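Colleague: I am new to reading models like this one. Can you walk me through the features, with the general idea before each case?

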Amino acid sequence: MPTLLGFCVIDFLWLSLALCFLLAFCVHRLSRYLPTGCEHSKLYILFQDLIRYGKTKGPLKRDHWLRVFDIPKRWFWHFYAISVVWNGFLIVLSLHMIVWGQKFPSWLTDILGFLTTGGPVAVRQVPQVSAVLVQVLLWVHSLRRLLECHLVSVFSDGVIHIVQYIFGLGYYILLGLTVLCSDPLIIEEGSPAFPLLSQLRWYHVAGAVFFSWASLLQHRSLVLLARLRTGGSGTVETLAHRVPSGGWFELVSCPHYLAELLIYVSLGIVSGSHALTWWLVVLYVLFNQALAAQLCHEFYTSKFQSYPQHRKAFLPYLL
């Protein structure tokens, strides 16, 4: 299959997703300049319905037929459950290859072969420490988020579009495959048990430390959000939206979205500078989370007249 500039299928896929969300972000920001009445057009409402979820859907005047496609936002935990199972399975397969020299199943090899068309070629792919670390950290991230959905977060009756739900399920499946695709191919000779520990470099440690800090930032931000709806005993007292405060909420409206970006940046550091594919994933997460944060920020500023004016939506002092 022909490629452009050395990009393979998986690279084009993530770049396309990143550009789609960048376009959605720009269109939304420019929509405030639309002529009066355009905000009531069916096309505009459909666009907003596809990019909004949860509390940000509230101000949108939707026709009844659009509500047929609503899925409870609390079903977010399905995404992380899929990720824990799927990415845990891929970790087992990688370890079997490293320790016992077993090959990936033919169906997985075919998928990876299609996604990496145009990429580097080698006699045999042996998972390296970068890929294994990213797999493990991604699994840890998914497990933490799954537990937070059940034990920390307090969901209201907010909804997401069924298209967003299906996309979220496929996203974490594709993410696991992307880790394997971004693993550089090397030729192994001799023992199938490749010495992973001998490959450890400073950026692996730095990335893991950064991942831990970003994960803690996200967890603390989610705890602060949950406390807006719970009492001192932890019982839910209200499902109303309130102005968040404390921690990084003093700088941005959505530090949990910022932390999500930083988590993916940390995985990019672990991957190494050669992992172009993963940095395209980071680019996608940047635009995706920026759009979600902008919508939340607009909700807060429109609902609460006393909302702090110095807060940015996503990036401190910038956006």
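**Reading the fold**

Modeller: Start with contacts. Among contacts in the protein between residues at least 6 apart in sequence, 80% join residues at least 24 apart. Contact means heavy atoms within 4.5 Å. Two ground rules follow. This is a predicted model, in which local features need pLDDT of at least 70, side-chain atom pairs count only at pLDDT 80 or more, and totals for chains, interfaces and linings use all residues. Residues are numbered from 1 along each chain as its sequence is written, and side-chain values use heavy atoms, with hydrogens and water left out.

Colleague: How many helices and strands does the protein have?

Modeller: Learn the terms first. Helices (H or I, at least four residues) and strands (E, at least two) are DSSP runs, numbered from the N terminus. Here there are 9 helices and 2 strands. Along the sequence the pattern reads α-α-β-α-α-α-β-α-α-α-α.

Colleague: Which residues does the UniProt annotation "transmembrane region" cover?

Modeller: Treat a record with care. Such annotations may be inferred rather than shown by experiment; the positions are given in the numbering used here, and feature names are shortened. The unreviewed UniProt entry marks 12-30, 75-101, 121-141, 162-180, 200-217 and 261-287. Now check the model. Residues 12-30 are 100% helix and 0% strand, with end C-alpha atoms 26 Å apart. Residues 75-101 are 93% helix and 0% strand, and their end C-alpha atoms lie 38 Å apart.

**Inside and outside**

Colleague: What share of the 319 residues do buried residues make up?

Modeller: Buried means under 20% relative accessible area, exposed over 50%, partly exposed in between (1.4 Å probe, protein chains only). Buried residues make up 50% of the 319.

Colleague: Is Ser83 buried or exposed?

Modeller: Ser83 has a relative accessible area of 0%, so it is buried. Ser83 sits in helix H3 (residues 76-100). Leave out residues up to four places away in sequence, and Ser83 touches Gly88, Trp139, Ser142 and Tyr172.

Colleague: Is His40 buried or exposed?

Modeller: His40 has 57% relative accessibility, so it counts as exposed. His40 is in the loop between H1 and H2. His40 and Leu60 are 20 residues apart in sequence, but 9.6 Å apart in space, C-alpha to C-alpha.

Colleague: What do the buried residues of H2 pack against?

Modeller: An α-helix has 3.6 residues a turn, so residues three or four places apart point the same way. Helix H2 spans residues 42-51, and its buried residues are Tyr44, Ile45, Gln48, Asp49 and Ile51. These buried residues pack against helix H1 (9-30), strand E2 (159-161), helix H6 (162-181) and helix H9 (276-303).

Colleague: How many residues of H8 are buried?

Modeller: 16 of the 17 are buried, so H8 is largely enclosed by the rest of the structure. Length is another check. The expected span of a helix is 1.5 Å times one less than its number of residues. H8 reaches 24 Å from its first C-alpha to its last, close to the 24 Å expected. His256 lies in H8. His256 is buried, at 12% relative accessible area.

**Rings and backbone**

Colleague: How many aromatic pairs does the structure hold?

Modeller: Rings of Phe, Tyr and Trp (its six-membered ring) pair if their centres lie within 6.5 Å; planes under 30 degrees apart count as stacked, over 60 as edge-to-face and the rest as tilted. The structure holds 24 such pairs. One of them is Tyr264 with Trp278, stacked at 6.0 Å centre to centre and 10° between the planes. That pair links distant parts of the chain: Tyr264 is in helix H8 (residues 255-271) and Trp278 in helix H9, 14 residues apart. Tyr264 and Trp278 are buried. Phe299 and Tyr300 have ring centres 5.9 Å apart and planes at 65°, so that pair is edge-to-face. Phe299 and Tyr300 are both buried.

Colleague: Where is Tyr317 found?

Modeller: Phi is the thing to check there. Most residues other than glycine have a negative phi, and most peptide bonds are trans. Tyr317 is in the segment after H9. Its phi is near 70°, a positive value in a residue other than glycine. Tyr317 has 67% relative accessibility, so it counts as exposed.
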